[in-house]
Amino acid sequence: MAKIALITGATAGIGEACARLFAREGYNLILTGRRMQRLERLAQSLNDKYNVQVAVSCFDVRSRQQVTENLQSLPEQWKRVDVLVNNAGLSQGLDPIDQGNLDDWDTMIDTNVKGLLYITKVVSGWMVENGFGHIINIGSIAGKEVYPNGNVYCASKHAVDALNQGMRIDLLKHGIKVTAVHPGAVETEFSEVRFKGDTNRAKKVYEGFDPLVADDIAETIWFVASRPKHVNINDIVVMPTAQASATNIFRG
Ligand code: NDP
Ligand code: 8X3
C-alpha cells in the first residue's frame with residue numbers, strides 16, 4: 001500500500017516542491033493551501049506524471065473550524081498519514097517593533113504558530129490512533145536567531161522550534177517521529193509575500209549570491225522522511241553556502 005504524506009502550503013515554494021518529490025517517490029498525497037486552482041492543477045499533474053492519488057483540501061490554516069472540518073471530512077483511508085509536513089507559513093513586513101503593523105503580527109502568529117497547531121492537533125490524533133507517523137515542521141534560521149526587524153516572524157519560528165521539541169517529547173511513547181527543518185534564504189514567493197507584492201524589493205533579497213531553491217529543502221525533507229524506522233533526525237539547519245547566519249550573507 002502506498003504511503004501517505006499530508007503537505008500544508010502546497011500551492012507554492014517548498015510545499016509544492018515537496019509534493020512533487022514525494023509523488024515521484026510513490027507517495028499518495030493530501031495537499032492543502034488556500035488557492036484551489038493551484039492545488040487542482042498540481043494534483044492533476046502529479047496524478048498524470050506519477051500515477052499517485054492526490055486529495056486536495058482548500059482552507060485557511062488560521063481558521064480552527066476550517067482546519068478541523070476539512071481534515072476530519074477526508075475519507076477514512078486518507079487518515080493513515082505517514083508523514084505530515086507542517087510547511088504553510090509566511091512573513092509579513094520587516095519593521096522595527098515600534099513601527100510594526102498589528103495585522104501583520106496577527107497574520108504571522110495565527111498562521112505560523114496557531115495554524116501549525118490546529119493541523120497538528122488533528123493529524124497527531126490520527127497518528128496516535130494509527131500507531132505510526134512522522135511530523136516534519138518547517139521552521140527557519142529565524143527560529144534559531146533573531147535579526148533586526150524580524151521580531152515577530154522570528155518569534156513565530158522560535159515557537160515552531162519549541163513546539164517541535166515539545167511534540168517529540170509528547171509523542172515519543174507513540175513511536176511518532178518529529179523533526180524540524182530550518183532553512184536559510186530560499187528563493188520562493190516568500191519575500192513577495194513578506195513585501196506584499198513588491199517584486200523589486202523581493203528580488204533584491206536574493207541578489208548577488210546563490211540562494212537555496214525549493215527543491216533543496218524538498219530533498220532535505222525527503223532525506224529526513226526516508227531514514228530507517230529507528231532513526232530520527234531531530235533538527236536540521238540548511239543554509240545557502242553563501243549565508244553563514246541570518247544576516248551574514250556574502251554577496252560576491
Ligand atoms: P511561499 O510563499 O512560496 O509558500 C507558502 C505556502 O504557505 C503557500 O503554499 C501558501 O498557500 C501557504 N500558506 C500561507 N498562509 C496560509 C494560510 N493562512 N492558510 C493556508 N496556507 C497558507 O513560501 P515558502 O515556500 O518559502 O515557505 C514555506 C515555509 O518555509 C514557511 O513556513 C516559511 O516560513 C518557511 N521558510 C521559508 C524560507 C524562505 O527563505 N523562503 C526560509 C525559512 C523558512 P496559499 O497562499 O495558497 O494559502
Ligand atoms: C525565512 C528566512 O532569514 O528571512 O524564514 O527569516 S529569513
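User: Which residues in α1 meet α2?
Analyst: This is a predicted model, and in it E16, A19, R20, A23 and R24 are the α1 residues in the contact. On the α2 side they meet L42, L46 and Y50.

User: OK, switching to the ligand. How many residues surround ligand 1?
Analyst: There are 28, and the closest are G9, G13, R34, G89 and F190.

User: Which element gives the most to that shell?
Analyst: α1, with three residues. The elements giving two or more are α1, α4 (102–130) and α6 (190–194).

User: How does the shell around ligand 1 divide by class?
Analyst: Twelve nonpolar, eleven polar and five charged.

User: Back to helices, then. How far apart are the axes of α3 and α4?
Analyst: 9 Å, and the two helices pack at an angle of about 30°. That makes α3 roughly parallel to α4. α3 passes α4 in a right-handed crossing.

User: Which residues make that contact?
Analyst: R64, V67, T68, L71 and Q72 come from α3, while Y118, I119 and V122 come from α4. By class, the α3 contact with α4 has five nonpolar residues, two polar and one charged.

Notes
Residues numbered from 1 in each chain as written. Chains lettered and ligands numbered in written order. Predicted model: local features only at pLDDT ≥ 70, side-chain atom pairs only at ≥ 80, totals over all residues. Contact = placed C-beta atoms within 7 Å. Helix = DSSP H or I, 4+ residues; strand = E, 2+ residues; numbered from the N terminus. Near = placed C-beta within 6 Å. Nonpolar A, V, L, I, M, F, W, Y, C, P; charged D, E, K, R; others polar. Axes fitted to C-alpha atoms, helices over the stretch in contact; angles between N-to-C directions. Parallel < 35°, antiparallel > 145°, perpendicular 65-115°, else oblique. Left-handed = near helix turned anticlockwise from the far one by under 90°.
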